[in-house]
Amino acid sequence: MTIKGISARIEDPNTGADSTFHVIHFYSVDVRNQLSTALLEGYVSQDAQAAGRNALMHHNVQVPGIPNATAALDWLYAAVVMPAPVSADGASALQNVFAGAVLVHEAD
């Protein structure tokens with residue numbers, strides 16, 4: 001079952017307002033140092049978040065370890081070397097120095 005968020009009542013120290021539902025908005029994985037960081041957004045309620053309301057607060061949380069990242073890293077490597085999309089006028093939408101580069105695979 002997929003996790004939708006975290007239920008925890010946390011008071012914003014600046015406003016005194018409580019948020020009760022928190023979702024991961026952004027995360028990063030430091031493969032070299034084996035650390036993961038999550039930026040969580042806190043909402044008044046799960047209903048408020050589902051309705052598109054703004055978050056009341058943000059919390060950065062760093063945890064030791066990284067998820068099994070093989071599939072994510074493979075996807076990211078493949079995406080990074082994809083040629084940039086070309087618009088109707090022939091201009092590249094995104095400039096990427098790795099576009100068209102060759103992926104190196106581990107020997108089996």
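Q34 sits in the loop that joins β2 (18-30) to β3 (35-43), where helices (H or I, at least four residues) and strands (E, at least two) are DSSP runs numbered from the N terminus. The phi angle of Q34 is near 55°, a positive value in a residue other than glycine. With a relative accessibility of 41%, Q34 counts as partly exposed; on this scale buried means under 20% relative accessible area, exposed over 50%, and partly exposed in between, with a 1.4 Å probe and protein chains only.

The model is a predicted one, in which local features need pLDDT of at least 70 and side-chain atom pairs count only at pLDDT 80 or more, while totals for chains, interfaces and linings use all residues. Residues are numbered from 1 along each chain as its sequence is written, and side-chain values use heavy atoms, with hydrogens and water left out.

**Confidence**

The mean pLDDT of the protein chain is 85, and 91% of the residues score at least 70; pLDDT is the predictor's confidence in each residue, from 0 to 100. Confidence is highest in helix α1 (residues 46-50), at 95, and lowest in α2, at a mean of 77.

**Overall architecture**

The protein chain contains two helices and four strands, and from the N terminus on its elements follow the order β-β-β-α-β-α. Its radius of gyration is 19 Å, well over the 13 Å that the globule rule gives for 108 residues, so the protein chain is more spread out than a compact globule; the radius is taken over C-alpha atoms, and the rule is 2.2 Å times the number of residues to the power 0.38. Along the principal axes, the C-alpha atoms fill a box of roughly 50 × 40 × 30 Å.

Of the 108 residues of the protein chain, 15% count as buried. The accessible surface comes to about 8,700 Å², and 57% of this surface belongs to carbon and sulfur atoms; the areas come from the Shrake-Rupley method with a 1.4 Å probe, and for residues only the protein chains shown count as cover. Among the contacts in the protein chain with a separation of 6 or more, 33% are accounted for by residues 24 or more positions apart, contact meaning heavy atoms within 4.5 Å.

The mean positions of the 4 positive and 10 negative charges of the protein chain lie 10 Å apart. Lys and Arg count as positive and Asp and Glu as negative, whereas His and the chain ends are not counted; the place of a charge is taken as NZ of Lys, CZ of Arg, CG of Asp or CD of Glu.

**Individual residues**

| Pair | Separation in sequence | C-alpha to C-alpha distance |
|---|---|---|
| T2 and D12 | 10 residues | 27 Å |
| S45 and H22 | 23 residues | 8.4 Å |
| H59 and L39 | 20 residues | 5.6 Å |
| F98 and Y77 | 21 residues | 9.7 Å |

T2 belongs to the segment before β1 (6-11) and is exposed, with a relative accessible area of 70%.

S45 is found in the loop between β3 and α1, and its relative accessibility of 23% makes it partly exposed. When neighbours within four places in sequence are left aside, S45 is in contact with T20 and F21.

H59 is part of strand β4 (residues 57-64) and counts as partly exposed at 32% relative accessibility. Its contacts, again leaving aside neighbours within four places in sequence, are with I10, A38, L39 and L40.

F98 lies in the segment after α2 (70-80), where its relative accessible area of 48% makes it partly exposed. Apart from neighbours within four places in sequence, F98 is in contact with V80 and V81.
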